[in-house]
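A short report follows the display.

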Amino acid sequence: MEITRRHLLLLLPAAAVGWKYVLAGTPEASPNYRLTEHWWAMLIDIPKCIGCGSCVRACAQENDVPEGYYRTWIERYHVADWKVERPDVESPEGGIHGFPANEESGGKNFFVPKLCNHCADSPCTQVCPVGATFVTPDGVVLVDKTYCLGCRYCVQACPYGCRFINPKTNTAEKCTLCYHRITKGLTTACCEVCPTGARQLADLKNPDDPIHSFLKTHSVQVLKPHMATGAKVFYNGMDGSVR
Amino acid sequence: MFKDIEHLVRLAAVMAVALLAFLILRAVIIPRSFGQYGHYRGAAIAEIAAHPIAFAGHSTCEGCHTDVVALKNQGKHVVVPCEACHGAQARHADDPGSVTPAKLDTSVLCARCHEANSAKPKDFPQVEASSHSGGVACDTCHQPHKPKIEETGASGPEAKK
């Protein structure tokens, strides 16, 4: 068949589309870690937390978190007698230096460690206008800092206040669930240093993970379940006053 | 069939060239791995996973420091991972010869966990350091890896390792 000018004009766009798929190449090969075999979560056992701040310090060191910003932090709750709806919550410097002795007497006092909930239906990834933040196939919410514009939509969208803008890079930043560690078979930095085992990394797709028996035998909650975020940080022994 | 069809063909040609230019530009600008797993750059996952580690993990420590493991196993601190007190030691684990962990100040370190606070669990051992030791370093009496003081005369500064 002889190719006329008209045929060529029709063929070129098709060829351009085809070339795009040639450029896309083959997916990144990671020999030991398969994205589809994991679904990461975390378990936080509030009655075990002593508010020592080891997790906050370890997170800052492991992930080069800028001073004054926290990817994980600890809150101290003080609930006076019946005031379940009005707890006093404090988190001096994210609890990185621990907590001074309480001034208040009476009532109920306890610590609540917080971090990104790695929501399965995360509001933060849905609002990103450029596809710079996403839920990975293994269930971790990450930020592509080379793609992030720093528009702050995600910071406002997160119902848990887990995101901030890194003042050095001007891009959104958050807990990565120590993605660089869990993909190497290690646990997260915060779980690694927790002296009481109050924080435990869990892989919901691993049938041998102790999380399964724990969830069956304990009354476990997530934060803000009414927002239907599919949060994957499970809290054991959480008081109704926790927000 | 059509009269003066030539100007329609010219217009179609211009539009085809514009479309081609758009498609080529799009193919060049969009990163290769965009859309590999979803509406994001798939290569970002591997880039984030490539971040270096700072904490080696207690199983790495236990590979060499078997004497400390044996001691820890006898006491309540068996549940405390090494780097909870000793800090990030991945560099030490990579190069044990030249990178040595800093000496720890037990009067500061122990208080982080054991200083009394009403928000701590009631069954967790807590002291008010000022009245308990009056500023004396904890390891004067307690062996940090096995903190319970033995009653059979093995207490005191000479008992620590």
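In this predicted model, strand E10 of chain A pairs with strand E11 (residues 233–236) of chain A in the antiparallel sense, over two bridges. Strands here are DSSP runs of E with at least two residues, numbered from the N terminus, and two strands pair if DSSP finds at least two bridges between them. Across this pairing, Gln221(A) stands opposite Tyr235(A) in E11(A). Both strands belong to an open sheet of four strands with mixed pairing, in the order E9-E1-E11-E10 (chain A). The edge strands, each of which pairs on one side only, are listed below.

| Edge strand (chain A) | Residues |
|---|---|
| E9 | 199–203 |
| E10 | 220–221 |

Chain A is divided into domain 1 (35–117 + 187–236) and domain 2 (123–172), with bounds from an automatic or database domain assignment. The C-alpha centres of these two domains of chain A lie 21 Å apart. Their contact takes 16 residues from domain 1 of chain A and 14 residues from domain 2 of chain A; residues are in contact if their C-beta atoms, placed from the backbone, lie within 7 Å.

Leaving aside neighbours within four places in sequence, Cys59(A) is in contact with Val65(A), Arg71(A), Thr72(A), Ala189(A) and Cys190(A).

Residues are numbered from 1 along each chain as its sequence is written, while chains are lettered from A and ligands numbered from 1 in the order in which they are written. In this predicted model, local features need pLDDT of at least 70 and side-chain atom pairs count only at pLDDT 80 or more, whereas totals for chains, interfaces and linings use all residues.

Conventions. Two residues are in contact if their C-beta atoms, placed from the backbone, lie within 7 Å.
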